[in-house]
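Visitor: I am new to this structure and would like to be shown around. Could we begin with the ligand?

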Amino acid sequence: MKLKNDRVLITGGTGKLGRALIASGLFSHVAPSRAELDITKPETIDLFFETHDIQAVIHCAALARPAICEREPEQAIFTNVIGTSHMVRGVIRYERQTGRTVRFVHISSDGVYPGTKGSYSETDETIPYNRYGWSKLGAESAVALLSNHCTVRTSFFDPLRISFDASPTDMFSSKVPIATLARELSLILEGEFTGTFNVGEERLSDFERYRRFKPTLRPCLRRDVQQEIPFTIYHDSSLNCEKWHHVRNLITGRESNATGEK
Ligand SMILES: NC(=O)c1ccc[n+]([C@@H]2O[C@H](COP(=O)([O-])OP(=O)(O)OC[C@H]3O[C@@H](n4cnc5c(N)ncnc54)[C@H](OP(=O)(O)O)[C@@H]3O)[C@@H](O)[C@H]2O)c1
């Protein structure tokens, strides 16, 4: 299904998710390099919008490495909080100039929740457990200023690139395969609803989830992973995705009616 929006700006197109969105073929996109559009340089954002006909944005660009965010919080602020704010300001300026409303889909993280009890709903408290999460939460505040925005709280993985040999049996999440997330994002982009949505799969331990795709995976414990890395990791960051499922059913039901199918 090609989107009715035929000019979708994908930021972070060279990253893991950006590449998957492009490879999905679901978006008639334009994906500038960082040299063309650097979210920390507002003049590059304005120049890009002045020279392109953009109807929607999927904002993937971020400092998405928690270890760097922990070590260099100024970089996390500069890219995730200030960079995303620059994008929002650029979109508002473009909307004023063109009289058009731009749909803005922001990729946030399940890491905005505390990562302890799990099954988080969008209305649960957001108290991130590391600096990466705080910087993503800061970005969300800027995005909420846009009239036509969706913030997607998620976590994803590439089933074809599970590089580690062991995974914890006592860490739980709702991580979604990256190709599945690309399809969900195409529906979100096409919709007319706004707000914050959790997008993920069923709650599983990381070991159970990854072993489906890598049968040789060995079990380990969270503490084995935590002692190797310099930032706090979750216990249970699983998501309650009922809100998205409800909206998704409305969208796909509407599509079925439009094509005469049941
Ligand atoms: N990976 C996960 O499991 C996960 C989970 C939840 C949420 N997310 C979010 O999903 C989004 C995509 O994550 P990812 O894993 O695909 O990240 P990634 O592979 O690290 O890619 C990050 C992308 O952002 C770009 N970027 C960084 N700084 C930029 C700047 N100043 N201006 C323009 N572009 C810039 C990078 O460009 P260069 O190639 O030039 O560096 C790259 O294309 C991020 O918002 C991340 O926070 C990720």
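Predicted model: local features only at pLDDT ≥ 70, side-chain atom pairs only at ≥ 80, totals over all residues.

Visitor: What lies 2.6 Å from an oxygen atom of the ligand?

Guide: That is a polar side-chain atom of Tyr 132. For Leu 17, a backbone N or O atom is placed 2.8 Å from a ligand oxygen atom.

Visitor: How much of the ligand's accessible area does the protein cover?

Guide: The ligand has 910 Å² of accessible area on its own, and the protein covers 82% of it.

Visitor: Which elements give two or more residues to the shell?

Guide: Those are helix 1 (16-24) and helix 5 (131-143).

Visitor: How many residues surround the ligand, and which are the closest?

Guide: There are 24 residues around the ligand, and the closest are Thr 14, Leu 17, Arg 34, Tyr 132 and Lys 136. The shell divides into 10 nonpolar, 10 polar and 4 charged residues.

Visitor: Turning to the sheet, what is the order of its strands?

Guide: The sheet is open, with 6 strands in the order 2-1-3-4-5-10 and parallel pairing. Its edge strands, strand 2 (29-30) and strand 10 (195-199), each pair on one side only.

Visitor: How many bridges join strand 1 to strand 2?

Guide: Strand 1 (residues 8-11) is joined to strand 2 by 2 bridges, and the two run parallel. Val 8 stands opposite His 29 in strand 2.

Visitor: Which strands does helix 6 lie across?

Guide: Helix 6 (residues 178-190) lies across strand 1, strand 3 (56-59), strand 4 (103-107), strand 5 (149-154) and strand 10. Helix 6 runs at about 150° to strand 4.

Definitions and conventions:
Residues numbered from 1 in each chain as written. Heavy atoms only, no water. Pairing = 2+ DSSP bridges. Helix = DSSP H or I, 4+ residues; strand = E, 2+ residues; numbered from the N terminus. Contact = heavy atoms within 4.5 Å. Axes fitted to C-alpha atoms, helices over the stretch in contact; angles between N-to-C directions. Near = heavy atom within 4 Å. Polar contact = N/O pair within 3.5 Å; in protein donor to acceptor, adjacent residues only side chain to side chain. Areas by Shrake-Rupley, 256 points an atom, 1.4 Å probe, with all protein chains shown as cover. Nonpolar A, V, L, I, M, F, W, Y, C, P; charged D, E, K, R; others polar.
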